[in-house]
Amino acid sequence: MNLLKTSLLAMVLICTVTSCSKEQEPVAEENATNHVIDLNLANETDWEMANEILNLVNDHRTSQGLNALQKDQQYASAYAVDHTFYMIDLEEINHDYFEVRKEGLKDRGAKIVGENVAFGYPTAEEVVNAWLNSPGHRANIEGNYTHSGFGVMQAPDGRYYFTQLFYKK
C-alpha cells in the first residue's frame, strides 16, 4: 500500500512540475488555429532602433543589387513583438512557434517567410553586423523578400532582444 501511495504521489508531482502555465505561452500560440494577433503589439517595438536596423539591412541589400525591404508596422511587427516578449520571458532566444508566425503572415498574403532573432547587442549596427557574419542570418537578410517587421525590445535587465520577420508578398 505504501508503494502505491508513493507512486501516486510521484505521478502527481511529475504532472505538477512539468505542466505549463498559459502565462508562459505567446499570444500568437493561444490563437494558433486562426492566427489572430493583436495589432497593437506592433506599437511596443523600439521603432527608433528598428528603423536603424531596417536602414542598415536595406543598405546592405541595395549594395548586393537587391530590392529594399518595406517596413511592416502591422502584422509582421505584431508577431515579432509577441515573439520577443516570449523570448524575454524565457531569457533565451529561439524560434519557438515560428510556424504560427509564418502561417499568420501567409494567411495575409505572404508567399515566403523568414526570421532572424538575437539578443544582447546594444546597437542596431552591432546586431546587423552579427547577422551578416552568420550564414543563415545573412541568407535571410539577402533573401527574396519584400517586407520586414520588427520586435525590438529591451528586457528588464537592460539587454535588447530582437525578432526580425521577413516575407514576400
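A salt bridge is counted here when a side-chain nitrogen of Lys or Arg lies within 4 Å of a carboxyl oxygen of Asp or Glu. Across the whole structure, a search finds 4 salt bridges. The structure is a predicted model, in which local features need pLDDT of at least 70 and side-chain atom pairs count only at pLDDT 80 or more, while totals for chains, interfaces and linings use all residues. Residues are numbered from 1 along each chain as its sequence is written, and side-chain values use heavy atoms, with hydrogens and water left out.

Helices (H or I, at least four residues) and strands (E, at least two) are DSSP runs, numbered from the N terminus. Within helix α5, which spans residues 98-106, Glu 99 and Lys 102 are 3 residues apart, so about one helical turn separates them. Their side chains meet in a salt bridge, with 3.4 Å from N to O. How covered each partner is can be described by its relative accessible area: buried means under 20%, exposed over 50%, and partly exposed in between (1.4 Å probe, protein chains only). By this scale Glu 99 is partly exposed at 46%, whereas Lys 102 is buried at 18%.

The side chains of Arg 101 and Glu 115 meet at 2.7 Å, N to O. Arg 101 belongs to helix α5 and Glu 115 to strand β2 (residues 112-119), so this pair ties together parts that are 14 residues apart in sequence.

The side chain of Asn 140 reaches the backbone oxygen of Glu 115 at 3.0 Å. This is a polar contact, that is, a pair of N or O atoms within 3.5 Å; within protein, one atom must be able to donate a hydrogen and the other to accept it, and residues adjacent in sequence count only if both atoms are side-chain atoms. Asn 140 is itself buried, at 15% relative accessible area. Once neighbours within four places in sequence are set aside, Asn 140 is in contact with Arg 61, Gly 114, Glu 115, Asn 116, Tyr 145 and Phe 166.

The strands come next. Two strands pair if DSSP finds at least two bridges between them. Strands β2 and β4 run antiparallel and are joined by 8 bridges; Val 113, for example, has Tyr 167 in β4 as its bridge partner. Strand β3 (residues 147-154) is likewise joined to β4 by 8 bridges, and this pair runs antiparallel too. Here Phe 150 has Gln 164 in β4 as its bridge partner. Strand β4 itself (residues 160-168) is mostly covered, with 8 of its 9 residues buried.

The hairpin of β3 and β4 has 5 residues between the strands, and Gly 158 in this hairpin takes a positive phi near 95 degrees. Another salt bridge joins the side chains of Arg 159 and Asp 157, at 2.9 Å from N to O. Arg 159 is partly exposed, at 31% relative accessibility, and so is Asp 157, at 49%.

Backbone angles draw attention to the loop between α4 and α5 as well. Most residues other than glycine have a negative phi, and most peptide bonds are trans. Glu 91 is not a glycine, yet has a positive phi of about 60 degrees. Glu 91 sits in the loop between α4 (75-90) and α5 and is exposed, with a relative accessible area of 61%. Tyr 97, placed in the loop between α4 and α5, has a positive phi near 60 degrees, again in a residue other than glycine. Tyr 97 is partly exposed, at 29%.

Finally, Leu 41 lies in the loop between α2 (27-30) and α3 (47-63). With 12% relative accessibility, Leu 41 counts as buried. Leu 41 and Ala 80 are 39 residues apart in sequence, and 8.7 Å separates them in space, C-alpha to C-alpha. Leaving out residues up to four places away in sequence, Leu 41 touches Ala 78, Val 81, Asp 82 and Phe 85.

Note on methods: Contact = heavy atoms within 4.5 Å.
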